[in-house]
Amino acid sequence: MRKLLSKWVPRLLTPDQKQQRVDDSERCLELFKRNKKDFLRRYVTMDETWIHHYTPESKRSSAEWTTTGESRPKRAKTQKSAGKIMASVFWDAHGILFIDYLEKGKTINSECYMALLDRLSAEIKKKRPHMQKKKVLFHQDNASCHKSMKAMVKLNELRFELLPHPPYSPDFAPSDYWLFADMKKMLQGKKFGSNEEVIAETEAYFESKDKSFYIKGIEKLEERWNECITLEGEYVDE
């Protein structure tokens with residue numbers, strides 16, 4: 001018997017990109033191991049994801065057992081719905097700090113992202129009093145609006161310490177490998193009639209998670225950085 005399913009193939013990394021992943025992993029590990037408790041207290045991350053009004057079941061979840069030699073089972077192709085909303089999720093080891101939602105057809109530019117960073121600073125002051133005398137250790141990916149000159153100036157103005165993140169490395173982004181992956185499993189097969197229904201379901205999902213869920217997702221960075229170094233920059237398996 002065998003179970004047939006598709007496998008995601010990572011981007012083919014150049015030698016320089018692999019070396020950058022190793023170098024950044026070593027830098028992050030040094031900071032993490034120096035004081036793990038302090039790292040987890042200061043670490044804040046974010047990322048964006050599209051949430052569709054309908055997300056079909058994945059090939060993995062709908063895979064079927066077959067006998068050796070039996071042909072691959074056939075299924076009608078299903079598409080994600082045209083209706084969707086972008087969620088920008090800011091979170092840390094304690095949970096969600098805030099989520100901003102953007103309607104289909106709109107994009108996040110530098111000005112929009114700077115406003116989100118200002119809001120993040122305000123939410124941290126309000127919800128994380130232990131951070132008043134600490135410097136935020138901020139982790140984001142390399143999206144153009146995140147790495148723009150205006151965004152860099154804003155991060156410096158807010159006195160955020162930016163954690164290095166190598167290009168093409170979703171396996172180092174807790175939002176990608178943990179938060180969004182789990183959320184989208186929950187959304188598979190569900191249908192929503194409006195953005196408001198999507199938002200309500202998303203908010204309820206995050207509220208149902210206890211603190212240990214968020215801590216675990218961030219703590220996994222340590223083993224991922226270690227594995228990347230061992231693999232000489234290759235992608236870390238999911």
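Visitor: What should I know about the model before I start?

Guide: It is a predicted model, so local features need pLDDT of at least 70 and side-chain atom pairs count only at pLDDT 80 or more, while totals for chains, interfaces and linings use all residues. Residues are numbered from 1 along each chain as its sequence is written, and side-chain values use heavy atoms, with hydrogens and water left out.

Visitor: How many helices and strands are there in the protein?

Guide: Helices (H or I, at least four residues) and strands (E, at least two) are DSSP runs, numbered from the N terminus. Here you get 8 helices and 7 strands.

Visitor: And what share of the residues count as buried?

Guide: Buried means under 20% relative accessible area, exposed means over 50%, and partly exposed is in between (1.4 Å probe, protein chains only). Of the 238 residues, 44% count as buried. As for contacts (heavy atoms within 4.5 Å), take those between residues at least 6 apart in sequence: 78% of them join residues at least 24 apart.

Visitor: Let's do helix packing. At what angle do α3 and α5 pack?

Guide: Axes are lines fitted to C-alpha atoms, for helices over the stretch in contact, and angles run from 0 to 180 degrees between N-to-C directions. Helix α3 (residues 110-127) and helix α5 (residues 149-157) pack at about 15°, and their axes are 9 Å apart. Angles under 35 degrees count as roughly parallel, over 145 as roughly antiparallel, 65 to 115 as roughly perpendicular and the rest as oblique. That's why α3 and α5 are called roughly parallel to each other.

Visitor: Which residues of α3 and α5 meet?

Guide: From α3 it's Ser110, Glu111, Tyr113, Met114, Leu117 and Asp118, and from α5 it's Lys150, Ala151, Lys154 and Leu155. Sorted by class, the α3 and α5 contact has 5 nonpolar, 1 polar and 4 charged residues. In that sorting, Ala, Val, Leu, Ile, Met, Phe, Trp, Tyr, Cys and Pro count as nonpolar, Asp, Glu, Lys and Arg as charged, and the others, Gly among them, as polar.

Visitor: How are α6 and α7 arranged?

Guide: Helix α6 (residues 174-187) and helix α7 (residues 195-207) pack at about 120°, with axes 11 Å apart. The α6 and α7 pair is therefore oblique. On the α6 side, the contact uses Leu179, Asp182, Met183, Met186 and Leu187, and on the α7 side Glu201, Thr202, Tyr205 and Phe206. The classes for α6 with α7 come out as 6 nonpolar, 1 polar and 2 charged residues.

Visitor: Now charges. How many salt bridges does a search of the whole structure find?

Guide: Side chains of opposite charge can pair when their charged atoms come close. A salt bridge is a side-chain nitrogen of Lys or Arg within 4 Å of a carboxyl oxygen of Asp or Glu. The search finds 19 salt bridges. One of them joins Lys18 and Glu234, with the closest N and O atoms 2.7 Å apart. Lys18 lies in helix α1 (residues 15-34) and Glu234 in the segment after α8 (211-230), so this pair ties together parts that are 216 residues apart in sequence. Lys18 is partly exposed at 22% relative accessibility, and Glu234 is partly exposed at 35%.

Visitor: Where do Asp24 and Arg27 lie?

Guide: Both lie in helix α1, 3 residues apart, about one turn of the helix. Asp24 is buried at 5% relative accessibility, whereas Arg27 is exposed at 52%.

Visitor: What about Glu161 and Arg42?

Guide: Those side chains form a salt bridge too, at 3.3 Å, N to O. Glu161 sits in strand β7 (residues 161-162) and Arg42 in helix α2 (residues 36-42), so to speak distant parts of the chain, 119 residues apart. Arg42 is buried, with a relative accessible area of 9%. Salt bridges with shared partners also join Asp100, Arg119, Glu123, Lys126 and Lys127 into one network.

Visitor: Last one: what is the phi of Arg159?

Guide: It is near 65°, a positive value in a residue other than glycine. Arg159 is found in the loop between α5 and β7 and is exposed, with a relative accessible area of 54%.
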